[in-house]
Amino acid sequence: MVDYHRHRSFPRRGRDNTVFEGNARAMPALAPITIAGLAAKTGIDVESIRTYERMGLIEKPRRGPGGYLLYRSQDVEILTFIRRATSLGFSLPAIRDLLGLAQPRSGACCSTVYDIAVRQLAEIRTRIEELGRMEKALNELAASCPREGAANDCSILNALIQPA
């Protein structure tokens, strides 16, 4: 399995959980986060976070005092990446690929990421064309409706009943 958790923009951490930027030490890492805190910080619901965890997009959390599951501050960045990618329509397998490509050790080049983005753009354009055809057909159905009389005589319902 690919280690998605070593993304180049995600800070490196020392043994004392100190964040490294390049070769310099920066501020200490944030305290571990509960799933509710992670959901609040990322805008992703708890069930989706659990789904991403089961899929291996984020690491399984460790148990803290009192049995609470504690996530890493790095998971905020990974989940933000996932949220932004899903808002652009990327599928979870494509997001998995993008997270893998983001690793410095992947050896991938920007053109590989570009190819995934262009493929996503083509899928969006296909959906837009499909939506345009659906809009036209539904507009014609709505325009043909007399908007009066019994529902079982409605031209929209009758058109939907007819075989294609």
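How many residues apart are Glu47 and Arg50 in helix 2? They are 3 residues apart, so about one helical turn separates them. The close-ups below start from this pair.

This is a predicted model, in which local features need pLDDT of at least 70 and side-chain atom pairs count only at pLDDT 80 or more, while totals for chains, interfaces and linings use all residues. Residues are numbered from 1 along each chain as its sequence is written, and side-chain values use heavy atoms, with hydrogens and water left out.

View 1. A salt bridge here is a side-chain nitrogen of Lys or Arg within 4 Å of a carboxyl oxygen of Asp or Glu. Helices are DSSP runs of H or I with at least four residues, strands are runs of E with at least two, and both are numbered from the N terminus. Glu47 is partly exposed, at 43% relative accessible area, and Arg50 is partly exposed too, at 36%. (Buried means under 20% relative accessible area, exposed over 50%, and partly exposed in between, using a 1.4 Å probe and protein chains only.)

**View 2. Glu47 also pairs with Arg54.** Here the N to O distance is 3.5 Å. Arg54 is exposed, with a relative accessible area of 55%. Side chains of opposite charge can pair when their charged atoms come close.

**View 3. Glu59 and Arg72 join two loops.** Their salt bridge has its closest N and O atoms 3.6 Å apart. Glu59 lies in the loop between helix 2 and strand 4 (62-63), and Arg72 in the loop between strand 5 (69-70) and helix 3 (74-87), so the pair ties together parts that are 13 residues apart in sequence. Glu59 is partly exposed at 32%, and Arg72 is partly exposed at 25%. The whole structure holds 4 salt bridges.

**View 4. The largest nonpolar core has 22 residues.** Such a core is a set of buried Ala, Val, Leu, Ile, Met, Phe, Trp, Tyr and Cys residues joined through side-chain atoms within 4.5 Å. Leu38, Ile49, Leu79, Ile82 and Phe90 touch the most other members. Helix 1 (35-42), helix 2, helix 3 and helix 4 (92-101) each supply at least two residues of this core.
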